[in-house]
Amino acid sequence: MSDKYQIEVLLRPAVEFYAAIVTFAAAFILLQLPQVLMMPPVVAGGCAAFFILLGLYDVWRGCRILRYRRRMSREKPLQINNKRVPVYDDRLYLGEGFEWGQKHTQRYIDTFDNQYKHYIKREEYYTVRKIEKGLKKLPVIKLLTRFTGSYSMFNPWPPRSTLFGDSCLHGVEGRRRAQSIGLRERRQHMYFAGTTGTGKTEALEMLVMQDIHRSSQDVVIVFDPKGSASLMQTMYAEAHRAGRGDDLVIFHLGFPDVSAMYDATGNYTRITEIASRLARQLPGDGESAVFREFGWQFINLIVRVCDAMGEPANLNAIKRYISDMGGLMCRYGKHQLRKSERLSLFDTALNKAKEDRGRTREEVAMLAVLAGEGSDLLDGNDILRDLYETARMDPGYYRKLVASVRPLLDKMTSGQLDLIMSPSTEAIKSGRQLLDWEQVIRRRQIVYVGLDAMAEHMVAQATGKAMLSDLVATASRIYKEGVLGDIPGGIPDESFNVWLHMDEVDALMGDEFIPMVNKIRGAGVGVAAYSQTVQDFEVALGNRAKRDVVTSNFNSLVMFRIKNTETASLLTDQVPKVKTVSMINITQARDTDNMLDGSVFVSSNEDRVTSVETDMITPNMVMSLPTGHAFASIEGGRIIKLNFPWRVRNYGDFPDSIRQMGDAMRRRYQSRAEWYDA
Ligand SMILES: Nc1ncnc2c1ncn2[C@@H]1O[C@H](COP(=O)(O)OP(=O)(O)OP(=O)(O)O)[C@@H](O)[C@H]1O
Ligand SMILES: [Mg+2]
């Protein structure tokens, strides 16, 4: 059982115990009957002590074999009390594990060898399970079924692990240590992939928890498109436990009553940012690209007008004016005429004007003024000129051009969403929490953004994407300027860490994502992205080349169980090839005609060791990982096998609003699952 032999056989009977029995027997004889061996008692005592030590060593070696065999069949979930999750200042704890090497590949391959197979319990034992089910109500026999249903090492028919997958992948190594990644490396982004239900969100919660507790008081931002109640409540409880409860901002599209407000259009450096943020949400392939361009132009024009008139360019204003560009031209035109004290021109034109092909009297009058006596106003005033050109368009044609913008704006401001997505000045003054990325970074806040994409996909996507680009723009600006600013309450420290976790990241992806991941690092933001497959990226981004650009930006990879070779190959293509050995047993017998020595046949028996080159980790291994287990490639190619802990939550009572929100999130999530099952 050591590395010094070319072939290591760990799946075998623990023969060391036989040697131990013999040595203990020898020690017994030495102690009890030294005269049989003609030894003086002192010498016999010394020899007995030596034999006992030798025997104990054999017992220890035998136990290692048994432990190895047991680990291969029964891997228990790694549970950890919530409060005991390690928090390091310069590293991020990932779980328990070991560095994967050639010997592990060899040991794993051996588990499929026919001669060792019976030491590993991979079967389902259907008959035993059936009997257990039938007998579990009978009083005494119940104890027996409890035993057969347990993972005890003496149970020959254990049930399959609740973690699914193949426990041998972790069982191949007994020496496990806490594994972690340096924060500096982590800033170069991490990608967690795994099929549904493999433990991504659970891992996310553990990482977020550490980010909240780290002594450097980092900014922590979590985007949760699926709406996980446990994640939201974990963030709430941990922020309070860390004494950062006041810094917590909970934004959730599905709960406008309790959610913080977010002004989608309030924060920008260049005025064109708002239009870009919104227009990006419109379909942009093929012919739609033209309409997206028009959408951008018109939204941008509205924002410029609002800005020039000193009005807030919020979603409501954009929604109102996009269907009434004529009205906007009238307002702005009057504003300009008033400034040059020529408003009477408009009044005179209004008296003569009549409604015309869908245009109001006011619009007809303003168009007449700008085409006639007031035409000089158009010179040098681009805004007015653009408004004039737009209002002159055929109203039917204009409506077609903006047809795709309206539904988006309607949805983003529908119902109570209006309240949180387009907050009025009064609402902002009322003291309700406002999610403002600038403040978030300066005050080192903790932000949960629940998007509940399953409920209203389009709104969730639009909001998520708009928020994300707003965040990146703000973070880049602050990073360039330094954190010290004139905003009261800002923390006077130039350096800061922003940890951005994006669950179901494909739901937040669009064309803008590529430049964003490229520049986000320069903005001091470390991203941890979680998704099911890389194909999701391809669907979200439209093509494979874009997907590859995004994936190549993630320096560290963590792969949970995957059901898709292409995603698994992201990791398996990175690992080196190793040599594994196998032994061929050759037995032969041959007739001889050598009558002189009396032999009639010659036989020979040899063991040949052959070696083949294989991938150190194959896609098949990634596809067989148990829940909560993963392979990771971190810190420039260190390949580790990880077991993420399952946190035992011991949170007390939540305040009513958080509890009710959590319950509602759970119900929504569950009802969707039920609908799917039906
Ligand atoms: N480390 C772990 N150890 C044991 N069980 C785990 C672990 N992590 C997760 N699980 C189990 O797997 C279930 C699903 O976990 P989780 O919600 O994190 O999956 P997910 O990968 O985020 O799935 P989805 O893609 O559907 O969101 C959990 O409810 C829990 O029962
Ligand atoms: Mg999840």
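Q: Why does R444 count as buried?
A: R444 has 5% relative accessibility, and because buried means under 20% relative accessible area, exposed over 50% and partly exposed in between (1.4 Å probe, protein chains only), R444 counts as buried. This is a predicted model, in which local features need pLDDT of at least 70, side-chain atom pairs count only at pLDDT 80 or more, and totals for chains, interfaces and linings use all residues. Residues are numbered from 1 along each chain as its sequence is written, chains are lettered from A and ligands numbered from 1 in the order in which they are written, and side-chain values use heavy atoms, with hydrogens and water left out.

Q: What makes M38 exposed, and where is M38 found?
A: With 74% relative accessibility, M38 counts as exposed, and M38 is found in the loop between helix 1 (16-32) and helix 2 (41-73), where helices (H or I, at least four residues) and strands (E, at least two) are DSSP runs numbered from the N terminus.

Q: What is the phi of M38 and of R444?
A: Phi of M38 is near 55°, a positive value in a residue other than glycine; phi of R444, in the loop between helix 21 (437-442) and strand 9 (446-450), is also near 55° and positive.

Q: How many disulfides does the structure hold?
A: The structure holds zero disulfides, a disulfide being a pair of cysteine sulfur atoms within 2.5 Å.
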